[in-house]
Amino acid sequence: MDIDVRGPRFGATVTTVVLAAVLVTGSGILLAWQALAFAAGALLGVQRSPYGWLFRTAVRPRLGPPAELESPTPPRFAQGVGLAFALVGLVGYFWGPEWLGLAATGCALAAAFLNAVFGYCLGCELYLLLRRLTPVRS
């Protein structure tokens with residue numbers, strides 16, 4: 001079932017705020033929360049992630065019907081990419097070196113920011129590129 005394109009963009013906005021707060025505070029605990037949110041989005045689908053739930057229950061009822069829908073697969077893949085960066089960041093924040101945590105969090109923040117502000121999902125584009133490079137088997 002296709003999803004409202006505004007949902008992942010809303011999630012990217014919340015993610016941007018959380019990751020910016022991680023960089024400002026250096027909080028590994030806050031990054032762990034974001035890693036859990038990424039894991040839920042990757043494993044359960046973006047519509048079942050905490051930010052997807054918030055969009056569905058608090059934001060979408062106040063909006064008109066969506067102008068467009070999209071497949072949930074590319075955003076779900078993007079959540080997996082975000083999870084990978086968050087896990088690397090957690091290693092840096094909890095076991096060092098700290099620069100690794102900062103760099104991984106900064107990369108995830110840059111990707112979330114691009115989606116939140118410009119609607120450009122790097123993880124989704126990576127998914128589509130990998131699909132084009134993978135041979136189709138019949």
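Student: Where is Leu63 found?

Tutor: Helices (H or I, at least four residues) and strands (E, at least two) are DSSP runs, numbered from the N terminus. Leu63 is in the loop between helix H3 (50–59) and strand S2 (69–70). Please note that this is a predicted model, in which local features need pLDDT of at least 70, side-chain atom pairs count only at pLDDT 80 or more, and totals for chains, interfaces and linings use all residues. Residues are numbered from 1 along each chain as its sequence is written, and side-chain values use heavy atoms, with hydrogens and water left out.

Student: Is Leu63 buried, exposed or partly exposed?

Tutor: Buried means under 20% relative accessible area, exposed means over 50%, and partly exposed lies in between (1.4 Å probe, protein chains only). Leu63 has a relative accessible area of 37%, so it is partly exposed.

Student: Which residues does Leu63 touch?

Tutor: A contact means heavy atoms within 4.5 Å. Not counting residues up to four places away in sequence, Leu63 touches Arg6 and Phe55.

Student: Which residues of H3 are buried?

Tutor: They are Tyr51, Gly52 and Phe55. Seen down the axis of H3, these buried residues fall within an arc of 105 degrees, so they line one face of the helix. The arc is that of the directions from the helix axis to the C-beta atoms. In general, an α-helix has 3.6 residues a turn, so residues three or four places apart point the same way. The buried residues of H3 pack against strand S1 (3–4), H1 and H2.

Student: Which residues make up the largest nonpolar core?

Tutor: A nonpolar core is a set of buried Ala, Val, Leu, Ile, Met, Phe, Trp, Tyr and Cys residues joined through side-chain atoms within 4.5 Å. Here the largest has twelve residues, including Leu19, Val22, Leu31, Phe38, Leu90, Tyr93 and Leu109. Helix H1 (6–25), helix H2 (28–44), helix H4 (73–95) and H5 are the elements that give two or more residues to this core.

Student: What does Thr105 touch, and is it buried or exposed?

Tutor: Thr105 has its place in helix H5. With a relative accessible area of 2%, Thr105 is buried. Not counting residues up to four places away in sequence, Thr105 touches Leu19, Val22, Leu23, Leu31 and Tyr93.
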